[in-house]
Amino acid sequence: MRRADYGVRPDASGSFSKAETLALYESICRSHFFDSQVIDAVKSGLTNYQVYLSLGQEAGPAALAAALPGAQLFTQHRCHGYFIAFGGPPEKLRDELLGRPSGSSGGRAGSNCLQHHDERLAMFGHHGLIGENVPLAVGAAFGNQKKTIAVFGDGSAEEDYIYPSLGFALTHRLPILFVCEDNDLSILTPTSTRRSWEFTQMAKGLGLPVRDLADDPWSVVQAVRELKGELPAVLNIRTCRRQWHVGVGCDGPPEWDRLALVQAELDRLGLGAERQEIERQAQQEMERLWNE
Amino acid sequence: MERVTVADTIRELSREHLEQNGGLLLGQSISAVGWVNNTVPDCQGIVELPMTDVAGAGFAVGAALVGRRPIFVIRFQDFLLLNGSPLINYAAKSKELHGRPAPVFVRAIGADGIGPVHSGVVHSMFMHFPGFKVCSPMTPGEYRSIWQEYLTGDDPMLVSEHRASFQNCNELPDLLIPDADITLYPVSATRFEAVKAAELLAAEGIRCNVVHILWLKPFRVDQRVAHPLLCSGRGLVIDPGYSIAGAAQALAYELSQETGLPVAALGLEDATKCLCQPLQNRLPDAARIAERVRQIVKKGARGAQSTGGGHV
């Protein structure tokens with residue numbers, strides 16, 4: 001089911017304090033304006049490395065960071081949003097994208113293989129095989145028993161090493177949340193062309209708790225708060241990317257524009273002035289960062 | 001004095017690692033029949049993996065990333081083709097890309113004569129890609145030394161074991177003789193065969209140095225390795241893996257480049273290792289090694305006396 005309100009809880013935002021809601025939005029905006037700057041950097045020729053933008057999908061990582069702060073991350077290619085939302089230093093990300101020695105991996109890894117390790121953030125990535133990070137995440141969670149998030153997509157969910165990763169996590173009751181960012185596409189091939197089965201049904205069949213919903217940030221936070229007491233668990237977030245799979249191009253408007261929907265909700269909550277101020281500050285922060 | 005085998009050595013080093021270092025040992029069907037030829041201890045830290053040959057390696061690498069120094073047991077080296085992806089694509093690249101080492105100790109066990117996908121030695125695959133150290137210990141002392149190398153370093157390590165070594169109690173010193181006709185460089189289980197071949201050939205008047213190869217990568221053509229070749233004028237590298245693009249050819253090339261002398265390579269024929277006796281395509285045994293040496297020696301010219309330096 002592909003709808004902006006699929007699984008979204010009516011009035012989910014109502015159960016959040018104003019401060020929580022604004023923090024969530026700030027996280028979305030910082031990611032949004034960071035990647036907006038990346039588009040400019042690519043267009044101006046500042047970098048010609050490949051980039052995988054989180055635009056359109058900012059709400060998921062922001063919600064996960066709000067609900068599971070401090071989790072160790074194992075992300076895959078579309079991961080700028082996680083880096084920012086979980087507190088990675090944006091200048092390290094910028095430098096990584098520019099191939100500079102001061103980047104988070106010394107400029108050697110780039111957009112899709114991002115990692116960062118400091119006292120705030122333990123973020124591992126993949127190396128370019130979709131979903132390869134998922135068994136790694138399971139092994140790490142087994143190894144140190146830390147709260148862990150493994151991020152993959154609806155395409156990766158088909159990789160043969162995903163099913164046993166879910167199974168091993170279940171067998172050993174590991175503190176891991178499997179997050180499928182489901183945009184219904186493997187690059188441009190729709191799920192229905194690739195398979196007849198649902199990933200969430202597979203996870204349920206194993207006996208894992210599952211939540212399946214669109215990327216409304218308040219609903220995602222609620223879903224994760226429900227799941228975090230019964231890990232391992234699976235969260236399927238229906239989302240849509242705004243830009244191409246790789247690069248800064250765009251094939252027209254996405255199925256839904258989550259940022260605009262969140263803005264409308266903030267206005268409905270009477271937080272219009274606050275949201276504009278957050279946008280202004282986030283934009284300024286990221287413009288300054290990229291103009292240094 | 002009690003004789004300590006390679007199997008005993010592996011088991012007791014593993015036990016110490018698991019009981020005292022907080023290490024892990026992961027593998028499929030490791031704590032059942034025979035405990036992998038009696039190389040796996042019965043103690044804490046043993047993780048029976050489900051039969052999942054790609055994800056299982058990923059679990060081991062993930063544990064390595066968070067400092068558990070896992071021993072990952074591959075009961076038959078052929079299974080490395082499936083298990084190789086997380087090892088080669090992730091563990092091997094992590095340090096260079098991110099400065100985050102993933103020191104996984106991969107025990108890959110070679111065998112022979114038990115069918116097409118249980119008899120392989122495929123360590124050359126891990127020599128090909130960057131990131132892994134590759135060794136093939138065949139004695140208790142060698143095993144202890146490579147284990148120490150693993151513990152004191154932070155690289156992932158592919159340890160090409162062989163069933164033919166598990167009951168071995170003896171060290172294998174180099175055999176160096178004056179005026180040797182050729183220097184043999186055997187690898188893995190062919191080392192036992194090369195020693196026998198040297199004896200066979202000695203009876204015929206063909207004198208062989210035997211220089212044992214423990215480290216495949218890095219492979220250092222140091223004084224110990226080069227000097228006997230410089231004296232004998234020609235060499236032969238012997239490996240239980242396939243010849244074409246295999247370890248023997250790779251090492252022979254290095255030796256030849258370093259010394260300017262002809263060094264040949266002997267490995268498996270380019271044929272499937274079938275189960276039935278005549279088609280097993282077994283590793284080069286003493287008879288086959290001796291035959292190859294006779295051919296080389298009969299051909300006459302030593303590199304030292306010829307102007308060439310090529311690969312014969």
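A disulfide is a covalent bond between the sulfur atoms of two cysteines.

Two cysteines of chain A illustrate the result. For A:C113, the closest cysteine sulfur is that of A:C79, and a bond is excluded because the separation is 8.2 Å. A:C113 is buried at a relative accessible area of 8%, where buried denotes under 20% relative accessible area, exposed over 50%, and partly exposed in between (1.4 Å probe, protein chains only). A:C180 has its closest cysteine sulfur in A:C240, 14 Å away, which is too far for a bond. A:C180 is also buried, with 1% relative accessibility.

## Basis of the values

The model is predicted, so local features need pLDDT of at least 70 and side-chain atom pairs count only at pLDDT 80 or more, whereas totals for chains, interfaces and linings use all residues. Residues are numbered from 1 along each chain as its sequence is written, chains are lettered from A and ligands numbered from 1 in the order in which they are written, and side-chain values use heavy atoms, with hydrogens and water left out.

## The sheet of chain A

Strands are DSSP runs of E with at least two residues, helices are runs of H or I with at least four residues, and both are numbered from the N terminus; two strands pair if DSSP finds at least two bridges between them.

Strand 1 (residues 72-74) and strand 4 (residues 148-153) of chain A run parallel and are joined by three bridges; A:F74 lies opposite A:A150 of strand 4. Strand 8 of chain A is parallel to strand 9 (residues 233-238) of chain A, with five bridges between them, and A:L213 has A:I237 of strand 9 as its bridge partner. Four of the five residues of strand 8 of chain A are buried.

## The segment before helix 1 of chain A

A:R3 belongs to the segment before helix 1 (18-43) of chain A and is partly exposed, with a relative accessible area of 39%. Beyond its neighbours within four places in sequence, A:R3 contacts A:A214 and A:W256. A:R3 and A:R238 are separated by 235 residues in sequence, yet their C-alpha atoms are 8.0 Å apart.

## The sheet of chain B

In chain B, four strands form an open sheet in the order 8-7-10-11 with parallel pairing. Its edge strands are strand 8 (208-210) and strand 11 (263-268) of chain B, each pairing on one side only, and the twist from one strand to the next averages 25°.

Strand 10 (residues 235-242) of chain B runs parallel to strand 11 of chain B, and five bridges join them; B:Y242 is paired with B:L268 in strand 11. Helix 10 (residues 286-298) of chain B lies across strand 7 (182-186), strand 8, strand 10 and strand 11 of chain B, at about 150° to strand 11.

## The interface between the chains

Chain B and chain A bury about 2,000 Å² between them, and carbon and sulfur atoms account for 71% of this. Buried area is the accessible area (1.4 Å probe) that two parts lose on being put together, summed over both. On the chain B side, B:F59, B:Y90 and B:H98 lose the most area to chain A, together 31% of what that side buries. The contact involves 26 residues from chain A and 25 residues from chain B.

## Annotated domains

An unreviewed UniProt entry places "domain: Dehydrogenase E1 component" at residues 51-245 of chain A. That span is 35% helix and 18% strand, with end C-alpha atoms 9 Å apart. For chain B, an unreviewed UniProt entry lists "domain: Transketolase-like pyrimidine-binding" at residues 50-165; this span is 42% helix and 16% strand, and its end C-alpha atoms are 28 Å apart. UniProt positions follow the numbering used here, feature names are shortened, and annotations may be inferred rather than shown by experiment.

Conventions: A disulfide is a pair of cysteine sulfur atoms within 2.5 Å. Axes are lines fitted to C-alpha atoms, for helices over the stretch in contact, and angles run from 0 to 180 degrees between N-to-C directions. Contact means heavy atoms within 4.5 Å.
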